[in-house]
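Me: I would like to go through this model feature by feature. Please give the general idea where there is one, and then the case at hand.

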Amino acid sequence: MRLFDRLLKTIRGPSRLSFAISLAKSPLTMFKIKSLPSITGRKIPALRIFYFLTLALKKSPGLFQFRLDPTIGGFSELTFLLLSLDLRLDKMRKKGFRVVGKWPANPTDIYFAAGCIALDPFLFAYCRMIATGENMLATRGRGELAVDACPAQAAGYTAVTQGIITLDTFYPFIGPWCYDSQYCFEAMRYLVEGHFGEQPIDFSGKNSEEAFSYMLTEVKKCVETLGRLSGRQVTAEHLKAEFALENKLRGYLRELMDLMQRKTVPLGSLEFIMAIFIASDWLADPPAMEKTLSILVDSARKRVSRGVQGKGVSENPIRLLITGIAWGDLGLYNIIDDLGAVIVGSECVQNLFYEDISLAGDPFEVLARRFLEVPYTLTAEARGRWTVENIRKMKYIDGVLFNCNFGCNYQTTEARIVTDIIKKETGLPCLVTNTDLPNEGRGQMRTRLEAFIEMIRSKAKCNQGTVAKCK
Ligand code: SF4
């Protein structure tokens, strides 16, 4: 009871009141929290998760501006893993784990298999800005890097250089697609000793044997370096065991996306995208995330079978796929639901979950091929075709959003090519958007999204259909 009292003390103001009411309506929510396994080998008890959340929510005023659904199974555990990331990383480091900075679209398997903790500093920093409700990390980073640095890079840079997170090293795999990563990681070198893996691009789109053998050398070099850091003699078995674990995680995300495309949409856009975001680094703990996603997906399955729509999702919503780079301003996901649409698919930087990593064959070679085929790093035309193939496998998509981050020349250059291919091949309407820091320019975006959604709806009416079914 003391814990519950403590939780209520953290809740003040109108939005906090609505959070209290939603908890009161479902008083068992807190007892539904499950204990989680952890990469450290020690269990994270349910009571600790609950206790942490009561305190962390108090320090996260930014979260109270969103409509979230704490009643979906696994959501409390997911929020805990998000908000406790810095504390958990500190503990892991004290236990001897080494934390390695990576770029979002680098497969995490290589880092965890080598006995290290993979961390996407950009996702971490964005989560921090969203939770605190202020953008100081990005604005300060821009002051030091460049005024037009991408907001994710700028915020990640500040989080590392200000000691909010500690990296033992960084080892991103970089190609010409991201304009800021090289510069951003390089600028941290005075603080953190780092390495770069080179990911060749074969512009013929065929991934020649030269590209493959180059990539294989890079993969082996990375495994050896990380193994030295963690003290692990990394074997093929370590790699395969990690592939198997992370394949489960990827499978859950694919199932979640599939469930979002049923007649009953089980999650609001925001809860769905939060689950997808974590594919960047599994919030530093794949075993904990595996259990969390299993609970979340199970809860979504039950909602679909019982016909329970996600909180805020309207009847017969317009179903959208988001591609490019997902909006970092989480408020936009609530807005899209309010406008009668819902995001049911995501093909962004975290799209590594679309395919499993094969357990057959030499795992180093498998990993090298995987790196070469990361969809985010394909040439614009290949990426467009890849997206079309995936859209064709989806059940319902009525339109496509392609978002570009301010300062990201890569996305801006790709946007038109990719959306033209999607329009030509599927006939789906596409909207290219540009976003920057959380909480900025929402009014203008709302107007554009409203017009886009209305256009799709009226087109559906003209065709006397419900909403378009992608062919
Ligand atoms: S949005 Fe663009 S600049 Fe920013 S991390 Fe992604 S690819 Fe790099």
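Reply: The chain has 20 helices and 9 strands. Keep in mind that this is a predicted model.

Me: What percentage of the residues in the chain is buried?

Reply: Of the 471 residues, 46% are buried. As for contacts with a separation of 6 or more, 77% of them link residues 24 or more positions apart.

Me: How should I read the nonpolar core?

Reply: In soluble globular proteins, nonpolar side chains tend to be buried together. Here the largest nonpolar core has 137 residues, and Val-100 and Ala-155 are those with the most contacts inside it.

Me: Which residues is Ala-155 in contact with, leaving aside its neighbours within four places in sequence?

Reply: They are Phe-122, Ala-125, Tyr-126, Met-129, Leu-137, Ala-138 and Gly-141.

Me: Now the sheets. In what order do the strands of the 4-strand sheet come?

Reply: Strands of a sheet pair through backbone hydrogen bonds, either parallel or antiparallel. In this case the 4 strands form an open sheet in the order 7-6-8-9, with parallel pairing. Strand 7 (341-347) and strand 9 (430-435) stand at the edges with a single partner strand each, so one side of each has no neighbour in the sheet. From one strand to the next, the twist averages 30 degrees.

Me: Is strand 7 largely enclosed or exposed?

Reply: Strand 7 is largely enclosed by the rest of the structure, because 7 of its 7 residues are buried. An edge position concerns neighbours in the sheet: strand 7 has a single partner strand there.

Me: How many bridges hold the pairs at the two ends of this sheet?

Reply: Strand 6 (residues 318-324) pairs with strand 7 over 6 bridges, in the parallel sense. Within that pair, Thr-323 has Glu-347 as its bridge partner in strand 7. At the other end, strand 8 (residues 399-405) is joined to strand 9 by 6 bridges, and these two also run parallel. There, Asn-403 has Thr-433 of strand 9 as its bridge partner.

Me: What is the strand order in the 3-strand sheet?

Reply: That open sheet has the order 2-1-3, and its pairing is parallel. Its edges are strand 2 (117-119) and strand 3 (169-170); each has a single partner strand, so one side of each is left without a neighbour in the sheet. Strand 1 (residues 99-101) is joined to strand 2 by 3 bridges, and Val-99 stands opposite Ile-117 of strand 2.

Me: Next, the ligand. Which residues are the closest to it?

Reply: Cys-150, Cys-178, Asp-180, Asn-405 and Cys-408 are the closest of the 14 residues that surround the ligand. Helix 10 (151-161) and helix 19 (409-426) are the elements that give two or more residues to this shell. By class, the shell has 9 nonpolar, 4 polar and 1 charged residues.

Terms used:
Residues numbered from 1 in each chain as written. Predicted model: local features only at pLDDT ≥ 70, side-chain atom pairs only at ≥ 80, totals over all residues. Near = placed C-beta within 6 Å. Nonpolar A, V, L, I, M, F, W, Y, C, P; charged D, E, K, R; others polar. Pairing = 2+ DSSP bridges. Axes fitted to C-alpha atoms, helices over the stretch in contact; angles between N-to-C directions. Buried ≥ 20, exposed ≤ 12 C-beta atoms within 10 Å, placed from the backbone. Contact = placed C-beta atoms within 7 Å. Core = buried A, V, L, I, M, F, W, Y, C linked by C-beta atoms within 7 Å.
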